[in-house]
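This report describes the pockets, a helix packing and an aromatic pair of one protein model. Please keep the sequence and the structure in view while reading.

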Amino acid sequence: MDTTVLSLLHNRLLWLQRLVMGLTTIAFSVLIFVQVFIRYFLDLPLYGVEEIAVYLAVWLYFIGSGYGVYRGNHISAGVMDIALSSPAAKAALQALVSLVSLAIIGWICWLCLGYFQWSLARVPKSPELRIPLYYVHAAMLAGAGLMFLYTLIELVGRLHCLATGRPYHSLADIDDNDTARKAEGRS
């Protein structure tokens, strides 16, 4: 596949993730503000707001988890990086960590796919508003899929750098450097 097509797909995927995260954050905040205002100032309950807010939060968290893996902001324990002095040993360890992470995320994707398929077949509904829950369960599959994709890209990059002896640069670092170069070219 042409690199410009892959670059376009990558940029669109990032745009979509940012859009989902931004819209869910705004909608969540507005819903909570409206709920607090109506409940405490007008002394009226607003039916179903907590339910919708939770479902928006699920989408935010799972899409955000995929974006966090892309940015490299996920939780990690780098104790072995301190213990290892050789750059080659550190690179091999990081490739192994990426491989194990990919296997675990792949398993989670498989579980999420099964759960989503179950949800499509059984169509469970939310308690208050009776919303079909496959809309919520789709967030888990989408987020796990994004985590799998970005971890796979990381693993391939780390293995390539391990084989060539070059230092590893994450996809987000490469994107940030490209953006900075383009900005300097426009200045």
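## The largest pocket

The model is predicted, so local features need pLDDT of at least 70 and side-chain atom pairs count only at pLDDT 80 or more, while totals for chains, interfaces and linings use all residues. Residues are numbered from 1 along each chain as its sequence is written, and side-chain values use heavy atoms, with hydrogens and water left out.

The lining (residues with an atom within 4 Å of a point) comprises 42 residues, of which Tyr70, Tyr168, Ser170, Leu171 and Ala172 lie nearest the centre. Two or more lining residues come from each of the helices H1 (3-41), H2 (49-71), H3 (79-83), H4 (87-122), H5 (134-164) and H6 (171-186), helices being DSSP runs of H or I with at least four residues, numbered from the N terminus. H6 gives the most, with 10 residues.

## The second largest pocket

The second largest pocket, with a volume of about 220 Å³, is lined by Thr3, Leu6, Ser7, Leu9, His10, Leu13, Leu149, Tyr150, Ile153 and Leu171. The elements that give two or more residues to this lining are H1 and H5, and the largest share, six residues, comes from H1.

## Packing of H2 and H5

The axes of H2 and H5 come within 7 Å and cross at roughly 5 degrees, axes being lines fitted to C-alpha atoms over the stretch in contact, with angles from 0 to 180 degrees between N-to-C directions. H2 is therefore roughly parallel to H5, a term for angles under 35 degrees. The contact (heavy atoms within 4.5 Å) includes Trp59, Phe62 and Tyr70 of H2 and Met140, Leu146 and Tyr150 of H5.

## Aromatic pairs

The structure holds six aromatic pairs, which are rings of Phe, Tyr and Trp (its six-membered ring) with centres within 6.5 Å. One of them joins Phe33 and Phe37, which are stacked at 6.4 Å centre to centre with 20 degrees between the planes, stacked meaning planes under 30 degrees apart. Because Phe33 and Phe37 are four residues apart in helix H1, about one helical turn separates them.

Key:
On a 1 Å grid over the protein atoms alone, a cavity is a set of points where a 1.4 Å probe fits but cannot get out, and a pocket is an open set with protein on both sides within 12 Å along at least five of seven lines; lining residues have an atom within 4 Å of a point. Grid points are joined across faces, edges and corners, and a volume is the space filled by probe spheres set on the points. Angles under 35 degrees count as roughly parallel, over 145 as roughly antiparallel, 65 to 115 as roughly perpendicular and the rest as oblique. Rings of Phe, Tyr and Trp (its six-membered ring) pair if their centres lie within 6.5 Å; planes under 30 degrees apart count as stacked, over 60 as edge-to-face and the rest as tilted.
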